[in-house]
Amino acid sequence: MTTTNPATPASAPSYSPGLAGVIAGESAISAVDGESGLLYRGYDIHELAVRASFEEVIYLLLHGELPDTSQLEKTREELAADAPLPGAVRSMLKLMPPRAHPIDVLRTGVSMLASFDPELPDNSHAANLRKAMRIIARTSTIITASHRIVSGQEPYTPGEHLTFAARFLFGMSGKEPEPWRVGAMNLIFTLYAEHEFNASTFAARVTASTLSDIYAGVVSGLGTLKGPLHGGANEEAMKMLKEIGTPDYAEEWVKKHLAHKDKIMGFGHRVYKKGDSRVPAMRDLARQLGRRLGHEQLVDVSVKLEEVMAKEKGLYANLDLYAAPALHLMGIPPELDVPVFAAARVAGWCAHIIEQHDHNRLIRPRSLYNGPAKRAYPTAH
Ligand code: COA
């Protein structure tokens, strides 16, 4: 029996499972070139990665242009001033079960923050920008504060003079981080900050498109980022690297898992089919950190995995394959890998939510119905 599908009249756009290749909206925030490149507001990610501070990246994503010296200083000051959490949110963090995953704690914390923001219902451009700064600053604070609480320490509030990346590291450890560590964190944040209509950003935009508030959009983004096919891949890649342990075992491990049709974490990408443009910078960073700290083994495992996956599956590494060892070498525990991703990507989410609110049209696609044809309700039921 055939069913006339109301979602697919002759003039309807063709169906693409998983929305692969579908253009779902316009954006001026970033451009992903599936062959090679990634631009934030027209600037090459490789230049930004080595030359820009994360505060500059945040300003660029939110405002569309790089900041001048005084705008940059004001951005840094605002982020530092906005970083402390309302007392009730700090108290809530202490109520979370210690076994809760930090990304779930973060999602709960951002959701709670919404109710403390007096500008919550105001979706105007100016109010959204102010709220974005508060959300970006406090996302990092929730991560560092809850990490310290779970480790049996009091949350630490770093001094206001620090850069964003230094504040994050200081907030984690309570110790002033070395400049090389701050530089590495800055690079990781920059590479993770934005990537056009990835799953979490799209989720954030769908939420914003109902004219729900910026916090709700970020909470949607956080819930979507968690999954291992998206942001959760960095934590899963770390588990894999530890399990493999040595490059000599990589080939056997990959073949065994491919034979079971397992997805190998840190490989493949919906858009990049010839390699992720962010990988060379993250690979270099992981290598430099490995050399500096005398632990290159997991970087060597990642390199070997790249070789084996290219040969066995024709698949290339994505950012998460090298983010995992880089974060490990930075002393970040694996359960904080996804939250670190979120601490950076929240800048991209906020820029997208603001863009959505500024040029809104409800995002509401159709489905291709494949259920039973119309039928009568049974008389004797
Ligand atoms: N390991 C093993 N096989 C993989 C793979 C991976 N990481 N990524 C893709 N494939 C396989 C698919 O199974 C499929 O094989 P098939 O044709 O035999 O069924 C083929 O490659 C094409 O992949 P496809 O499913 O079309 O890719 P996608 O665009 O739907 O999915 C990802 C993209 C990112 C979800 C997918 O590559 C993946 O799951 N990667 C691992 C998780 C990860 O690292 N995520 C972070 C992304 S930045």
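A: In this predicted model, helix 14 comprises 17 residues, 297-313.

Several positions of helix 14 are buried, namely Leu298, Val299, Val301, Ser302, Leu305, Glu306, Val308 and Met309. Under the cut-off used here, each of these residues has under 20% relative accessible area. The list includes the serine Ser302 and the glutamate Glu306 as well as leucine, valine and methionine residues. The partners of these buried residues are four other helices: helix 11 (233-244), helix 12 (247-259), helix 13 (279-293) and helix 15 (319-329). Just after helix 14 comes glycine 314, whose phi is positive, at about 65 degrees.

The ligand has 20 residues around it, of which Ile264, Gly266, Phe267, Arg270 and Asn318 come nearest. By class, this shell consists of 9 nonpolar, 5 polar and 6 charged residues. Isoleucine 264 has a backbone N or O atom 2.7 Å from a nitrogen atom of the ligand. Glycine 266 likewise uses its backbone, with a polar atom 2.9 Å from a ligand oxygen atom. Asparagine 318 instead contributes a polar side-chain atom, which lies 2.9 Å from an oxygen atom of the ligand. On its own the ligand has 850 Å² of accessible area, and the protein covers 65% of it.

Two further backbone angles deserve attention. Leucine 19 has a phi near 60 degrees, which is a positive value in a residue other than glycine. Leucine 19 is placed in the segment before strand 1 (30-32). Its relative accessibility is 43%, and leucine 19 therefore counts as partly exposed, since that class lies between the 20% limit for buried and the 50% limit for exposed.

Glutamate 196 is also a residue other than glycine with a positive phi, here near 35 degrees. This glutamate 196 belongs to the loop between helix 8 (179-192) and helix 9 (199-209). Because its relative accessibility is 26%, glutamate 196 too counts as partly exposed.

How values were computed:
Residues are numbered from 1 along each chain as its sequence is written. This is a predicted model: local features need pLDDT of at least 70, side-chain atom pairs count only at pLDDT 80 or more; totals for chains, interfaces and linings use all residues. Side-chain values use heavy atoms; hydrogens and water are left out. Helices (H or I, at least four residues) and strands (E, at least two) are DSSP runs, numbered from the N terminus. The expected span of a helix is 1.5 Å times one less than its number of residues. Buried means under 20% relative accessible area, exposed over 50%, partly exposed in between (1.4 Å probe, protein chains only). Contact means heavy atoms within 4.5 Å. A residue is near a molecule or strand if one of its heavy atoms lies within 4 Å of it. A polar contact is a pair of N or O atoms within 3.5 Å; within protein, one must be able to donate a hydrogen and the other to accept it, and residues adjacent in sequence count only if both atoms are side-chain atoms. Accessible areas come from the Shrake-Rupley method with a 1.4 Å probe; for residues, only the protein chains shown count as cover. Ala, Val, Leu, Ile, Met, Phe, Trp, Tyr, Cys and Pro count as nonpolar, Asp, Glu, Lys and Arg as charged, and the others, Gly among them, as polar.
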